[in-house]
Amino acid sequence: MIRGVIRNALVTGVAGVLAMGVAAAVASPADAAASTLGEAAAESGRYFGAAVAANHLGESQYVTVLNREFTSVTPENEMKWDATEPSRGSFSFGNADRIVNHAQSQGMKIRGHTLVWHSQLPGWVSGLWGDDLRSAMNNHITQVMGHYRGKIHSWDVVNEAFEDGGSGARRQSVFQQRLGDGYIEEAFRTARAADPNAKLCYNDYNIDDANAAKTRAVYNMVRDFKARGVPIDCVGLQSHFNSQSPVPSNYQQNIEQFAALGVDVQITELDIEGSGTAQAENYRRVVQACMAVSRCTGITVWGIPDHYSWRASGTPLLFDSNYNKKPAYYAVLEALGGSSEEPPPGGGDCTATITPGQVWSDRFNLSVTVSGTNNWVATVRLQSPQRVIATWSGSFSWDYTGLVMTVRPNGSGNTFGFTVMHNGNWNWPSVSCEAA
Ligand code: G3I
């Protein structure tokens, strides 16, 4: 079993840069990279958020990590209809207010989740029909959004309104059955009037694959809304992944196709079951996909430590149950452009350090020394369009892009080296290692 954690190789936490034309290879000190998820995301103008439960806000470890790492919160259950209007016309905002107040005291953004959803719906709603149901829906939107007017950056106005599977049909919720197709746009129009400054999102799961029937159905709805001037600003990809529902290979293309409709995309409930490097690489792919699309404006993970996840047994989050950062955390931080400056927690015992070697006009040598263990796996990430043209003192393999090189010891010690053809990009590759 693989133990240990991924750690960025450089003490400064940033890739060194070799100045073109300088014969001696000297690493210039660069600005320190962001060392938390929120700071790293902010460098590209994005937020990095977490679903938060009000009943954990009294726990010091929980709050410490929340405040340190995250720049946005989504109340996990506290703004849902059963929590905010448990009986008709009688609103209760206590737990949601606790989260909002905490977030505001920390300067965090707040995502509102969610106004119109078939689940967590109080029983009284399903006793209503026709215009009575319509006015209850509109009143709910107006009252809840009104209570938080000016405080919410994005609202999930309608949640999970389409069926799973290949039909592409609307989910047969009480709203769909009794109000018909028009209820979704009516909800968005009501929402725009209730808080004109909030971004209005349609949010769903299993709309992560660009070609899936459910995705196509949501895409067509958003395209139609944009064409007819129905107010919609964003699509939320919940992005709950596991082995039955893996990260699709066309995930970035999916973000791009929604963005091309003229809406923002937010990754709203990200969690990926698994552990170790495999989980970390899946997280990395998701974050890289968002980073590659300017209209992908923020990412929210659906919880902080694994044991509070709705899928706790799948350990799908970035922190373990002791609040240690997992390999997935470091992968996300790196994909956001940040870098960890601290020693690995929880007994991690592997450090990789880059040393510059000879430099030519078209290429340069680097060597990497791994310390802390003799049994390690190092990952070297080149920056396109770089290519490695020679290697020594390790056992090397590449991923299909040719940019990610995995290195293991080959019996010649803990220092390996390679030659990078820079092809115009003089940045050092990043290097991380994991104790095997
Ligand atoms: O608070 C009560 C507690 O008093 C009671 O003892 C306990 C007994 O079951 O239930 C507690 O309520 C639970 C609540 O979470 C708070 O923990 C509910 O039963 C449980 O159903 C509820 O689950 C939530 C689920 O939505 C409901 O559909 C999860 O926490 C929440 O993570 C999950 O979030 C949804 C998003 O809103 C929409 N997308 C999917 C996502 C995951 O299912």
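A residue is called buried under 20% relative accessible area, exposed over 50%, and partly exposed in between (1.4 Å probe, protein chains only). The model is a predicted one, in which local features need pLDDT of at least 70 and side-chain atom pairs count only at pLDDT 80 or more, while totals for chains, interfaces and linings use all residues. Residues are numbered from 1 along each chain as its sequence is written, and side-chain values use heavy atoms, with hydrogens and water left out.

A disulfide is taken here as a pair of cysteine sulfur atoms within 2.5 Å, and by this rule there are two disulfides. Cys201 and Cys234 form one of them, with their sulfur atoms 2.1 Å apart. Cys201 lies in strand S6 (residues 199–204) and Cys234 in strand S7 (residues 234–237), so the bond ties together parts that are 33 residues apart in sequence. Strands (E, at least two residues) are DSSP runs, numbered from the N terminus. The torsion about the S-S bond of Cys201 and Cys234 is about -90 degrees, and the disulfide is therefore left-handed. Cys201 is buried, with a relative accessible area of 0%, and Cys234 is buried with a value of 0%.

Cys290 and Cys296 also form a disulfide, their sulfur atoms being 2.1 Å apart. Their link is left-handed, with -100 degrees about the S-S bond, and both Cys290 and Cys296 are buried.

Elsewhere, four strands form an open antiparallel sheet in the order S11-S12-S17-S14. Strands S11 (351–359) and S14 (387–392) stand at the edges with a single partner strand each, so one side of each has no neighbour in the sheet. Two strands pair if DSSP finds at least two bridges between them; S12 (residues 363–371) and S17 (residues 415–421) pair in the antiparallel sense over seven bridges.
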